[in-house]
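The sequence and structure come first.

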Amino acid sequence: MNKKVEHLTDRSDGNFFRGHLAPQKSEPDIRDLFSFELQRLAGLSTRIAALSIRPKYGITAREWRALAVLKYLGEVPLQELAKHSGLLKSQMSRTVSSMIERGYILKTANPEDGRSILLKLSPEGLDLSEAVLADAFERNENMLSTLSHAERQILIELLQRVGRNSAHYFHDLKTRASQEDLRELDEE
């Protein structure tokens, strides 16, 4: 085995790269949290998307997400769109209003719930979502270019497993949370 690789992988504590590629730390800090690194990567990915999408298509990354999620969901209430997009209902409401005004999203009455509406892509919204999706796959390719095909599959599988486990954890926390904490969660 290559001496450097052996040195990097010969750690019983699981912190394979600490001290070898980064300065030694005396105690754990926020950089040791998966959620911190994930948030940083998500923020970077959003900024990359914003610099790629807005100049070419005239929409924001959040608007693109709404279109792309509606594309696979079909016709759904706002709350469902927000949930699948990872946004608060209030954030999605503002995003959808803009997309309705510009003709990318259509709204109809919800026959199952008179208090809500159903959202779906207009033909223009579908065309736009497909064009931006093609570019998104190119951005994705650039972001993952240092990984082999097998590593990409492993990464996606691991993220999906962490996502499923996190959803169960979140559900458990919600069942034990106070109504006040739940209201504040919806406002964040």
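## Salt bridges within and between helices

Arginine 40 and glutamate 37 form a salt bridge in which the closest N and O atoms are 3.8 Å apart. Because arginine 40 and glutamate 37 are three residues apart in helix H2, about one helical turn separates them. Glutamate 37 is partly exposed, at a relative accessible area of 35%. The model is a predicted one, and the structure holds seven salt bridges.

A second pair joins arginine 152 to glutamate 141, with 2.8 Å between the closest N and O atoms. Arginine 152 counts as buried, at 19% relative accessibility, because the limit for buried is under 20%. Glutamate 141 is partly exposed, with a relative accessible area of 40%.

Aspartate 29 and arginine 31 make up another salt bridge, with the closest N and O atoms 2.5 Å apart. Both partners are partly exposed: aspartate 29 has a relative accessible area of 29%, and arginine 31 has one of 46%. In general terms, side chains of opposite charge can pair when their charged atoms come close.

## Overall architecture

The chain has eight helices and three strands. Read from the N terminus, the order of elements is α-α-α-β-α-α-β-β-α-α-α. Of the 188 residues in the chain, 22% are buried. The accessible surface of the chain is about 13700 Å², and carbon and sulfur atoms account for 54% of that area.

Among contacts between residues at least 6 apart in sequence, 44% join residues at least 24 apart.

## The three-stranded sheet

The three strands form an open, antiparallel sheet in the order E1-E3-E2. Strand E1 (76–77) and strand E2 (105–109) are the edge strands; each has a single partner strand, so one side of each has no neighbour in the sheet. As a rule, strands of a sheet pair through backbone hydrogen bonds, either parallel or antiparallel.

E2 is joined to strand E3 (residues 117–121) by five bridges, and the two run antiparallel. In this pairing alanine 109 stands opposite isoleucine 117 of E3. E1 and E3 also run antiparallel and are joined by two bridges. Proline 77 has leucine 118 in E3 as its bridge partner.

## Helix packing and a buried threonine

Which helix lies across E1, E2 and E3? That helix is H3 (residues 61–73), and it runs at about 100° to E3.

Threonine 95 lies in helix H5 (residues 89–101). Is threonine 95 buried or exposed? Threonine 95 has a relative accessible area of 7% and is therefore buried. Leaving aside residues up to four places away in sequence, threonine 95 touches Arg62, Glu63 and Ala66.

## A nonpolar patch on the surface

Six residues, Phe34, Leu38, Leu155, Ile156, Leu159 and Val162, form a nonpolar patch on the surface, and together they have about 460 Å² of accessible area. Helix H2 (34–57) and helix H7 (149–176) are the elements that give two or more residues to the nonpolar patch. The largest share comes from H7, which supplies four residues.

Leucine 155 is one of the patch residues and is found in helix H7. At 32% relative accessibility, leucine 155 counts as partly exposed. The value also bears on patch membership, because patches are made of residues with over 30% relative accessible area and no salt bridge.

Terms used: Residues are numbered from 1 along each chain as its sequence is written. This is a predicted model: local features need pLDDT of at least 70, side-chain atom pairs count only at pLDDT 80 or more; totals for chains, interfaces and linings use all residues. Side-chain values use heavy atoms; hydrogens and water are left out. Patches are made of residues with over 30% relative accessible area and no salt bridge: like charges are joined within 9 Å, nonpolar side chains (Val, Leu, Ile, Met, Phe, Trp, Tyr) within 5 Å. Accessible areas come from the Shrake-Rupley method with a 1.4 Å probe; for residues, only the protein chains shown count as cover. A salt bridge is a side-chain nitrogen of Lys or Arg within 4 Å of a carboxyl oxygen of Asp or Glu. Buried means under 20% relative accessible area, exposed over 50%, partly exposed in between (1.4 Å probe, protein chains only). Two strands pair if DSSP finds at least two bridges between them. Contact means heavy atoms within 4.5 Å. Axes are lines fitted to C-alpha atoms, for helices over the stretch in contact, and angles run from 0 to 180 degrees between N-to-C directions.
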